[in-house]
Amino acid sequence: DSIMSMLLVSRARKAGLVVSARQVFERRTPAELALVAGDASAPGGPEGSGDPGTGEVPLTPVMHELLDRAGAERIGAVFQSTVVVAPAGMRLETLTGAVQAVVDHHDILRARLETEPEARLLVPPTASVAPWVHRIDVSAAGGDLERLIAEQSRAAADRLDPRAGVMAQVVWFDLGPDTPGRLLILLNHLVVDGVSWRVLVPDLAEAYTELAVGREVVLEPVPTSFRHWARALRTEATGRPRLAELAAWTQLLAGDDPLLTSRPVDPGRDLGATVRQLSVKVSREVTSALLTTVPTAFHAGVDDVLLTGLTAALAEWRRRQGQEDTPGVLLDLEGHGRVPLAEGMDLTRTVGWFTSSYPVRLDVGVVDALELRSGGAAAGRAIKRIKEQLRAVPGDGLGYGMLRYLNPEAAPALAALPTAQIGFNYLGRFPGRQNESEQGQRPVEQHAWQTAGDGGRGGGANDRIPVMHALEVMGVVHDLPDGPQLTLIVSWPSELLAESAARSLLDGWAATLTGLATHTTDIDADTGIGGHTPSDFPLVDISQSELDEFEATAQQMDEGA
């Protein structure tokens with residue numbers, strides 16, 4: 001997926017090779033990438049490499065959305081966090097020095113939120129992190145460590161103050177000089193997203209390790225600053241190409257979207273404190289197929305597959321509730337948003353909140369639900385149909401947020417249109433933690449700077465902030481010792497939906513995904529599976545039926561018919 005491609009690009013650069021995330025997707029093999037890889041030490045530099053990260057930083061669309069919904073006085077408690085294993089014998093002075101090195105290196109961590117005369121971030125040249133770093137003696141905590149971490153997480157969140165420039169808190173839980181402790185890293189959401197953690201934790205580990213042995217900290221450079229990208233985004237938002245997308249976004253949002261829940265979201269009642277959540281795990285065998293076999297067969301992405309399953313499950317779920325003739329579903333797709341806005345822009349090492357969100361309207365059409373769940377031909381037709389609808393999104397999807405929040409000419413028109421009732425986010429793949437009860441053996445030994453089994457990555461928001469959607473659906477994959485496993489998650493305000501209805505939707509989604517996986521693994525080989533769709537050939541005007549006919553003919557020729 002796209003996040004994994006960015007990690008590959010970052011590691012390649014560290015090894016002295018320059019490739020882009022787009023090249024990873026286009027070339028797909030080491031042999032092909034070798035043909036286009038550049039030398040990281042060559043003269044010149046990435047787009048924006050000469051632009052400092054300090055000074056005024058325009059708010060991105062996702063920041064504007066949160067500020068509008070939460071208000072400046074409540075935005076401080078919207079955070080992301082992680083808990084990692086602290087090395088045994090950690091010293092507070094060394095930890096503070098390492099945090100200082102990371103904050104000095106990643107400018108956005110020093111940001112301060114300004115709301116007058118307009119909302120923006122200001123990044124000063126320096127900031128002292130000493131007040132942000134804390135040590136808690138938990139050597140006598142025993143089995144209460146998890147509870148103490150939860151308590152201190154809430155306290156750390158309360159200390160965040162974006163308007164005072166306090167965007168970070170680091171809490172070391174000291175279990176004694178000979179025992180690996182725990183390290184809580186908690187950041188205000190304005191300065192971090194999910195991908196940023198894959199940069200920050202390794203950098204903090206490297207900085208601490210170097211300081212602990214008396215060496216100078218020299219972290220890998222950040223090719224393009226968040227400030228440079230945010231400024232480029234603001235400039236592009238008022239350009240003619242983006243404004244030309246307005247008609248398409250308007251048409252997409254203007255269609256019908258029947259109510260999914262007992263009533264619409266009420267900002268005064270449906271707050272963070274009312275949200276319930278359910279999850280279900282998909283088998284490792286099905287997960288493996290969803291990540292590899294299915295997207296490969298259809299020249300698609302993991303998101304395409306997950307959304308096909310979700311759209312089919314929603315259609316079936318609505319029919320059971322008496323909504324027979326619903327014209328598809330309107331969803332907001334959340335993505336990492338790290339789209340280079342110019343040739344040579346490299347965001348693989350940039351820390352900040354890049355997240356993008358844009359609406360799509362998806363419809364699997366008339367489909368036999370039983371046939372799809374059992375992996376029949378309907379599954380293949382559904383994937384192709386949803387894939388093409390996703391490829392029909394105006395531009396790269398970033399334009400919606402630009403026009404809605406950064407373009408004064410287009411913003412009023414989009415603000416007056418309906419919004420999606422469902423938000424979707426595929427979080428990507430993360431290292432998993434072995435569970436003793438599941439594995440029937442002792443847990444895997446945890447090493448310094450690895451995600452801690454008793455904490456992990458999390459986040460939170462002020463309980464008084466209104467929800468964004470009636471339903472939030474997510475997928476995340478954890479790489480476990482015996483293979484990857486997909487977890488499906490649904491969240492909703494408790495007044496809007498019965499738990500049984502939410503469970504029914506979640507189980508239906510898992511069942512349709514199982515059908516998609518079965519379609520590519522158990523189907524009769526003579527029937528043929530997968531295939532291309534028209535968007536795979538942008539220079540040719542061809543319909544899906546014509547393409548299917550060509551592929552069938554080609555298969556017959558290959559088989560000597």
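View 1. The structure shown here and in the following views is a predicted model. D257 sits in the loop between helix 10 and strand 10, and, leaving aside residues up to four places away in sequence, D257 touches R318, V329, L330 and Q421. With one of these residues, Q421, the side chain of D257 makes a polar contact of 3.0 Å.

View 2. Strands of a sheet pair through backbone hydrogen bonds, and the pairing can be either parallel or antiparallel. In this model, 6 strands make up an open sheet with mixed pairing, and their order is 10-16-15-13-11-12. Strand 10 (275–281) and strand 12 (356–362) are the edge strands, each of which pairs on one side only. From one strand to the next, the twist averages 25°.

**View 3. The pairing of strands 15 and 16.** Strand 15 (residues 471–480) and strand 16 (residues 483–493) run antiparallel and are joined by 9 bridges.

View 4. Helix 10 (residues 246–254) lies across strand 11 (329–335) and strand 12, and the helix runs at about 60° to strand 12. Helix 12 (residues 302–320) lies across strand 11, strand 12, strand 13 (422–431), strand 15 and strand 16, while its direction makes an angle of about 140° with strand 13.

Definitions and conventions. Residues numbered from 1 in each chain as written. Predicted model: local features only at pLDDT ≥ 70, side-chain atom pairs only at ≥ 80, totals over all residues. Heavy atoms only, no water. Pairing = 2+ DSSP bridges. Helix = DSSP H or I, 4+ residues; strand = E, 2+ residues; numbered from the N terminus. Axes fitted to C-alpha atoms, helices over the stretch in contact; angles between N-to-C directions. Contact = heavy atoms within 4.5 Å. Polar contact = N/O pair within 3.5 Å; in protein donor to acceptor, adjacent residues only side chain to side chain.
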